[in-house]
Amino acid sequence: MSDSHFLDLLNTLGRETCEVLSPIVGEDVVEPNDGYELFSAICGREFDSAKLDSLTAADFEAICENARDHFECDSIELYHIREIASKTIDHWPIDTP
């Protein structure tokens with residue numbers, strides 16, 4: 001994956017993280033880089049939409065728990081984390097070069 005593609009994917013992940021989580025944790029609390037921090041803890045430092053698509057139930061649970069701890073908010077649910085990944089994949093399909 002090219003550096004520009006990775007940065008574009010991260011931009012989308014950050015935007016989707018803010019869109020999904022800001023109504024729960026507060027618009028002034030969540031930032032685009034939070035998406036990378038949450039997902040890279042499970043996916044590794046560099047990942048692509050195929051990696052997001054291959055996340056297991058246990059991976060999503062771990063990301064969700066990390067998000068609850070990171071934002072100190074128990075209202076974050078598993079479906080929120082799945083929605084972030086799904087929306088990111090929608091913008092960057094797996095076959096995108």
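Predicted model: local features only at pLDDT ≥ 70, side-chain atom pairs only at ≥ 80, totals over all residues.

Trainee: Which residues of α2 are buried?

Mentor: Residues are numbered from 1 along each chain as its sequence is written, and side-chain values use heavy atoms, with hydrogens and water left out. Helices are DSSP runs of H or I with at least four residues, numbered from the N terminus. Buried means under 20% relative accessible area, exposed over 50%, and partly exposed in between, for a 1.4 Å probe and protein chains only. In α2, the buried residues are D34, G35, L38, F39, S40 and C43.

Trainee: Against which helices do the buried residues of α2 pack?

Mentor: They pack against α1, α3, α4 and α5, where contact means heavy atoms within 4.5 Å.

Trainee: Where does α1 bend?

Mentor: A bend is the angle between axes fitted to the seven residues ending at a residue and the seven starting there. α1 bends by about 30° at E19, and the proline P23 follows within four residues. Just after α1, G26 has a positive phi of about 110°; just after α2, G44 has a positive phi of about 95°.

Trainee: Which residue other than glycine has a positive phi?

Mentor: E72 does, with phi near 50°. E72 is located in the loop between α4 and α5 and is exposed, at a relative accessible area of 76%.

Trainee: How many aromatic pairs are there?

Mentor: A pair of aromatic rings is described by the distance of the centres and the angle of the planes. Rings of Phe, Tyr and Trp (its six-membered ring) pair if their centres lie within 6.5 Å; planes under 30 degrees apart count as stacked, over 60 as edge-to-face and the rest as tilted. The count here is two. F6 and F47 have ring centres 6.0 Å apart and planes at 85°, so this pair is edge-to-face. Because F6 lies in helix α1 and F47 in the loop between α2 and α3, the pair ties together parts 41 residues apart in sequence. Y36 and F47 form a stacked pair, 6.2 Å centre to centre with 10° between the planes.

Trainee: Is F47 buried or exposed?

Mentor: F47 counts as buried, at 3% relative accessibility, whereas Y36 counts as partly exposed, at 25%.

Trainee: Which residues touch the most other members of the largest nonpolar core?

Mentor: Such a core is a set of buried Ala, Val, Leu, Ile, Met, Phe, Trp, Tyr and Cys residues joined through side-chain atoms within 4.5 Å. Of the 27 residues in the largest one, L21, F39, F47, F71, I76 and I81 touch the most other members. The largest share of this core, eight residues, comes from α1.

Conventions
Helix = DSSP H or I, 4+ residues; strand = E, 2+ residues; numbered from the N terminus.
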